[in-house]
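Please read it alongside the sequence and the coordinates.

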Amino acid sequence: MAGKAAIGCLKTLMMVFNFIFWVTGIALLALGIWMKLDLYRYMELTTTYYPQAPYILIGIGAAIIIIGTLGCCCTVKGYSILLYVFSVFLVLMFIAELAAGITGFVFKGQLESGFEEGLNKAYSKYGTDKQLTKDVDDLQKGLHCCGMNSTADWDKLGHRIPDSCCKTPKCNTKDPNAIYTKGCFKLVTEFMKNNFSIIGGSVIGVSFLMLIGALLACCLARSVKMDKYEQVA
């Protein structure tokens, strides 16, 4: 009876873990999609942009959802061998997520130099390179900024202040009260560093959840195995 009670308790804990695990998978999947659909506008302006980053998060999120579903089946069936296999998958996921999280923090440290070089290139080619012009306009509209460091940068480039600096559509760009005055470089680096701190911290936090799940799966597998052994004995 004691063995049955322990197994029942461990199964309940495993089902709770699998639910949390499944939800974190959805969260990471959504985070990867958001990173691909929204953050890419800013990431493309840095020379240290890694286009694979969103796909890594999407892949990890999808893998968690699939493995979490399989984990529920393993828990309900109570087959010790499947639970051990599930724990191995969790350990592998822990390694992958920990590596992804650390990479995010390393990338965060390279953002400032990467954006400085990338923005200099983008602003110098504004009006001549269609894609870079669009990226700069999206950046200025999105972060409410104008010029790399200030609006004076446009004079240095010999270019009039573009409409993307306007607080309202088609404003008088010669009126300092009608345009954004903060430089984009400082704003975009702070914005990206904050986002990568959240992304990296989330991924590392979820990775340690895998170790708890692996431990629970091993404990349940051992309890199931011992219960079957006692019944035979």
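This is a predicted model: local features need pLDDT of at least 70, side-chain atom pairs count only at pLDDT 80 or more; totals for chains, interfaces and linings use all residues.

The place of Val88 is in helix 3, and the residue belongs to a nonpolar patch on the surface. Elsewhere, a search of the whole structure finds three disulfides.

**Nonpolar patch**

- The patch is formed by Tyr79, Ile81, Leu82, Val85, Val88, Phe89, Val91, Leu92, Ile95, Phe208 and Leu211.
- Together these residues have about 980 Å² of accessible area.
- Two elements, helix 3 (80-124) and helix 6 (184-232), each give two or more residues to the patch.
- Helix 3 gives the most, with eight residues.

**Disulfide Cys145-Cys184**

- The sulfur atoms of Cys145 and Cys184 are 2.0 Å apart, and the two residues form a disulfide.
- The link is right-handed, with 100 degrees about the S-S bond.
- Distant parts of the chain are linked by this pair, 39 residues apart: Cys145 is in the loop between helix 4 (130-143) and helix 5 (152-156), while Cys184 is in helix 6.
- Cys145 counts as buried because its relative accessibility is 0%, under the 20% limit.
- Cys184 is likewise buried, with a relative accessible area of 0%.

**Disulfide Cys146-Cys165**

- A disulfide joins Cys146 to Cys165, with an S to S distance of 2.1 Å.
- The torsion about the S-S bond is about 85 degrees, so the disulfide of Cys146 and Cys165 is right-handed.
- Cys146 lies in the loop between helix 4 and helix 5, and Cys165 in the loop between helix 5 and helix 6, so the pair ties together parts that are 19 residues apart in sequence.
- Cys146 counts as buried at 0% relative accessibility.
- Cys165 also counts as buried, at 0% relative accessibility.

**Disulfide Cys166-Cys171**

- Cys166 is joined to Cys171 by a disulfide, S to S 2.1 Å.
- This disulfide of Cys166 and Cys171 is left-handed, because the torsion about its S-S bond is about -80 degrees.
- Both Cys166 and Cys171 are buried.

- With the bonded cysteines of the chain numbered in sequence order, the pairing reads 1-6, 2-3, 4-5.
- Cys218 is in no disulfide. The nearest cysteine sulfur is that of Cys219, 7.1 Å away, whereas a disulfide requires sulfur atoms within 2.5 Å.
- Cys218 counts as partly exposed at 30% relative accessibility.
- Cys219 is in no disulfide either, and its nearest cysteine sulfur, that of Cys218, is 7.1 Å away.
- Cys219 is partly exposed because its relative accessible area is 34%, between the 20% and 50% limits.

Notes
Residues are numbered from 1 along each chain as its sequence is written. Side-chain values use heavy atoms; hydrogens and water are left out. Patches are made of residues with over 30% relative accessible area and no salt bridge: like charges are joined within 9 Å, nonpolar side chains (Val, Leu, Ile, Met, Phe, Trp, Tyr) within 5 Å. Accessible areas come from the Shrake-Rupley method with a 1.4 Å probe; for residues, only the protein chains shown count as cover. A salt bridge is a side-chain nitrogen of Lys or Arg within 4 Å of a carboxyl oxygen of Asp or Glu. Helices (H or I, at least four residues) and strands (E, at least two) are DSSP runs, numbered from the N terminus. Buried means under 20% relative accessible area, exposed over 50%, partly exposed in between (1.4 Å probe, protein chains only).
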